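Biologist: Let's go through this model by question and answer. Please start with the terms.

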Amino acid sequence: MQFIKVEEFYPGSCKSFVLITKIMFLFGVDIRSDAKKSGCKPSKWCSAYQRLVTVLWILYFFYTMLSVIIVDLHSVTRISEKLPRQLRDVIAFMIWCVLKTRRRKIFYLLRKSSCLSNNFNVKHHPLWLPFTPVIVLGIPLIGWRLETYPFEEHECQVLIQHFSLNFRYVPEGQNCKVLSIISLLHSLATLSLTLAFTILYVLLCCLLRNILMLHSGTGTNLLANRSPILDDKYFKRYLTEYESVIQVLKSFERIMSFPILFLQINDCMSIFYGIVNLDPIKELSHNTLLAKYFIAIVYASSVCLASFLCVSSSATSVHEASKLAKDVHEKMFKRILASEQGVGREQLALLFVNYSSPAFTLSASGLYYFTKPMILAAVGSILTYSLLVMQF
């Protein structure tokens, strides 16, 4: 196996990443290249577009803060409503900030992952990957239609005050049209980038999991060979390959664990907020606006639930693949000791360290780790606290 130099491989040349990098560029995160070290400066149009999107994100954040101060703080009446209504907007901005500041690190992470995939000859092209643009743009568009179509003109006039900071400047009879346009921009701003980041995270998790599984399969085939002697060069290369995978996983954890924490908070709070606001006894029976929002709330909570499960399960699969690799290392270590094979002490020590260290586990900024029990515990906690809050 010949390792390709990192400098010779670019994420943009990998089909697995080309779509997602272009989509993230549209929303203000350019991870297609590193202009500072490559010497290839982006075009003036690309630079101007990125600066424009940056300004729009900053203005959007200030608008969100003003909306919380002017509208939300004076209108909430219940404990469940005291949860920040603009949490999704704030978290979307925070995710953009983190990705923007770490775009060069993400670029090199994608490059390393591409090289690793090429070295192990793992071509990861999931069936859903070509539908990435449909997912990133289609889900916000469906949510936008569900949020706007059931309302009459007088109801739109009430709802638009939330977006207009209590100012009334919409002409009579145009409230629903203006509300529709604002809701469309709002849905694209809050959902598209978070969905693109979700897809990128899941894609990287699945790619690294497949590489670990292939590496474990190689070790299993090696053990299946009943020859008592393991080739020293092959054994050394096997350990080097595993170490290269672990190094990329550690880089992945350092770069992505913080933004994935924001994404998980957004998903959990959206599920929680949806359950609380769909309390049929206290709310839907006497709140006309909330009753018309029923389908939109169910849709938004379902999307966040799917996002939470996809991220958690894909990150958990990396842990399971690492556990499988540890099992192979244990069997290999025991076989070498039993056979009294003349393997170098350095290789034997490295194998012992790999065998004795715990399986690699991804985390959300170190606050919790993605394992199978965590998924069930998180869903149970959301349901429990939702039921408690509904009592007040």
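Modeller: Helices (H or I, at least four residues) and strands (E, at least two) are DSSP runs, numbered from the N terminus. The model is predicted: local features need pLDDT of at least 70, side-chain atom pairs count only at pLDDT 80 or more, and totals for chains, interfaces and linings use all residues. Residues are numbered from 1 along each chain as its sequence is written, and side-chain values use heavy atoms, without hydrogens and water.

Biologist: Which helix gives the largest share of the lining of the second largest pocket?

Modeller: A pocket is an open set of points on a 1 Å grid over the protein atoms alone, with protein on both sides within 12 Å along at least five of seven lines; lining residues have an atom within 4 Å of a point. The lining here has 17 residues, with L56, Y60, L185, H186 and A189 nearest the centre. Two elements give two or more residues: helix 8 (175–224) and helix 3. The largest share, seven residues, comes from helix 3.

Biologist: How much space lies in the second largest pocket?

Modeller: Grid points are joined across faces, edges and corners, and the volume is the space filled by probe spheres set on them. For the second largest pocket, that space is about 510 Å³.

Biologist: Which helix gives the most to the lining of the largest cavity?

Modeller: In a cavity, a 1.4 Å probe fits but cannot get out. The whole structure has one of 30 Å³ or more, and the largest holds about 70 Å³. Helix 9 (232–277), helix 12 (294–339) and helix 8 each supply at least two lining residues. With four residues, the most comes from helix 8.

Biologist: What is the end-to-end C-alpha distance of residues 52–71?

Modeller: An unreviewed UniProt entry annotates six spans as "transmembrane region", including 52–71 and 127–144; such annotations may be inferred rather than shown by experiment. Residues 127–144 are 72% helix, with ends 26 Å apart. Residues 52–71 are 95% helix and 0% strand, and their end C-alpha atoms are separated by 28 Å.

Biologist: Is N121 buried or exposed?

Modeller: N121 has a positive phi near 60°. Most residues other than glycine have a negative phi. N121 sits in the loop between helix 5 (103–119) and helix 6 (132–148). Buried means under 20% relative accessible area, exposed over 50%, partly exposed in between (1.4 Å probe, protein chains only); at 60%, N121 is exposed.

Biologist: What is the relative accessible area of S365?

Modeller: S365 also shows a positive phi near 60°. Its loop joins helix 13 (345–356) and helix 14 (372–389). S365 is partly exposed, at 33%.
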